[in-house]
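Here's a quick briefing to read alongside the model. Grab your viewer and let's walk through it topic by topic.

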Amino acid sequence: METTWVELERQARAWIVEAGDAIKQALHQPFHIDAKSGPNDLVTDVDKSTESFFYDNIVATYPNHHFLGEEGIADRLDTLDGIVWIIDPIDGTMNFVHQKRNFAISVGIYENGKGKVGLVYDVMSGELFHAIEGVGFFINDRKQSPAKGNELAQSVIGINGNWLVKDNLPIQPDLVDIAKACRGTRSYGSAALEMAYVASGLLDAYISPKLSPWDYAGGAVLLQEAGCKTTRFNGEALSLLERGSIVAAKPALHETLVATYLHKGEST
């Protein structure tokens with residue numbers, strides 16, 4: 001019998017909770033920390049073991065599915081043909097290392113490049129944001145109504161703190177203008193969680209200058225089912241194979257942000 005998206009989501013939920021329990025146990029033991037591209041780009045053996053957990057289970061259970069993850073457990077993909085699981089084992093590793101909170105496991109399941117299932121699990125709070133295409137957006141099994149959209153002046157916007165320094169230059173003028181125009185800004189240090197907050201209405205928008213597909217694959221499905229729009233700064237569709245900018249918001253606010261502040265594209 002063909003596996004349905006509801007069944008896939010149910011299996012993904014079981015794995016994500018099991019992985020979260022293992023991560024919480026790991027917090028009570030010493031773990032190894034490495035820097036990848038620089039001192040602020042951290043990875044731990046817990047990131048790697050969590051990604052391996054998903055990879056091993058997916059390969060054993062769904063041998064025809066494909067896998068894309070942050071830590072390179074599997075070979076990189078050059079196509080999105082078929083069913084692809086896109087995994088960030090710990091989104092917010094710096095928070096995991098320093099705060100022991102405000103990090104998430106992110107899972108996106110795509111078919112031929114189209115988002116079908118998305119899950120973002122706040123491990124320490126036990127809050128699971130999950131969605132299935134055409135079924136809706138849920139928080140811990142509670143179906144959510146579409147979040148109310150606000151105008152920019154009444155909006156609280158999540159902003160990736162990496163925008164503060166770009167190529168050793170000071171904060172970019174576009175961000176200053178957005179910060180002045182909105183009600184307030186926040187930075188939680190986990191793109192997946194901030195996208196889930198937009199979907200649930202806790203934030204009105206999320207903006208980041210550069211993220212990888214595993215950072216946003218799960219959150220993009222949540223936003224899709226919550227009636228939000230997610231694109232690059234120049235309004236183009238997100239790529240699931242390349243890094244790039246992201247702006248997520250309700251359609252009217254998204255249009256304002258892109259048309260007024262971010263339309264210069266990847267150079268902003």
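A salt bridge here is a side-chain nitrogen of Lys or Arg within 4 Å of a carboxyl oxygen of Asp or Glu. Keep in mind that this is a predicted model. By that salt-bridge rule the structure holds five of them, while the disulfide count comes to zero.

**Salt bridges**

- Glutamate 133 and lysine 114 meet through their side chains in a salt bridge, at 3.1 Å from N to O. Glutamate 133 sits in the loop between strand 7 (127-132) and strand 8 (136-139), with lysine 114 in strand 6, so this pair ties together parts that are 19 residues apart in sequence.
- Glutamate 133 also forms a salt bridge with lysine 116, where the closest N and O atoms are 2.7 Å apart. Lysine 116 is in strand 6 too, so here the parts being tied together are 17 residues apart in sequence.
- How accessible are the three partners? Glutamate 133 is partly exposed, with a relative accessible area of 26%. Lysine 114 counts as partly exposed at 45% relative accessibility, whereas lysine 116 counts as buried at 11%.
- Over in helix 1 (residues 5-26), aspartate 21 and lysine 24 are three residues apart, which means about one helical turn separates them. Their side chains meet in a salt bridge at 3.8 Å, N to O. Aspartate 21 is partly exposed with a relative accessible area of 39%, and lysine 24 is partly exposed with 27%.
- A network of salt bridges links Glu9, Arg13 and Asp141.

**A buried charge without a partner**

- Aspartate 122 belongs to strand 6 (residues 114-122).
- Aspartate 122 is buried yet has no salt bridge. How far away is the nearest side chain of opposite charge? That's arginine 101, at 8.7 Å. A salt bridge needs the nitrogen within 4 Å of the carboxyl oxygen.
- What does aspartate 122 touch, leaving aside neighbours within four places in sequence? The contacts are Phe103, Ala104, Glu127, Leu193 and Tyr197.
- Leu193 and Tyr197 are among the buried residues of helix 5.

**Helix 5**

- Strand 10 pairs with strand 11 in the parallel sense over three bridges, and isoleucine 157 stands opposite threonine 185 in strand 11.
- Strand 10 also runs parallel to strand 12, joined by three bridges. Isoleucine 159 has isoleucine 207 in strand 12 as its bridge partner.
- Strand 13 and strand 14 (residues 244-249) pair over three bridges in the antiparallel sense. There, threonine 231 has valine 247 in strand 14 as its bridge partner.

**Helices on the sheet**

- Proline 251 is in helix 7 and counts as partly exposed, at 44% relative accessibility. Leaving aside neighbours within four places in sequence, proline 251 is in contact with Gly227 and Cys228.
- Proline 251 and threonine 230 are 21 residues apart in sequence, with 8.8 Å between them in space, C-alpha to C-alpha.

**Cysteines**

- Cysteine 228 is buried, with a relative accessible area of 12%. Cysteine 182 also counts as buried, at 8% relative accessibility.
- With sulfur atoms needing to be within 2.5 Å, the count of disulfides comes to zero.

Conventions
Residues numbered from 1 in each chain as written. Predicted model: local features only at pLDDT ≥ 70, side-chain atom pairs only at ≥ 80, totals over all residues. Heavy atoms only, no water. Buried < 20%, exposed > 50% of the residue type's maximum accessible area, 1.4 Å probe, protein only. Helix = DSSP H or I, 4+ residues; strand = E, 2+ residues; numbered from the N terminus. Lys, Arg positive; Asp, Glu negative; His and termini not counted. Contact = heavy atoms within 4.5 Å. Pairing = 2+ DSSP bridges.
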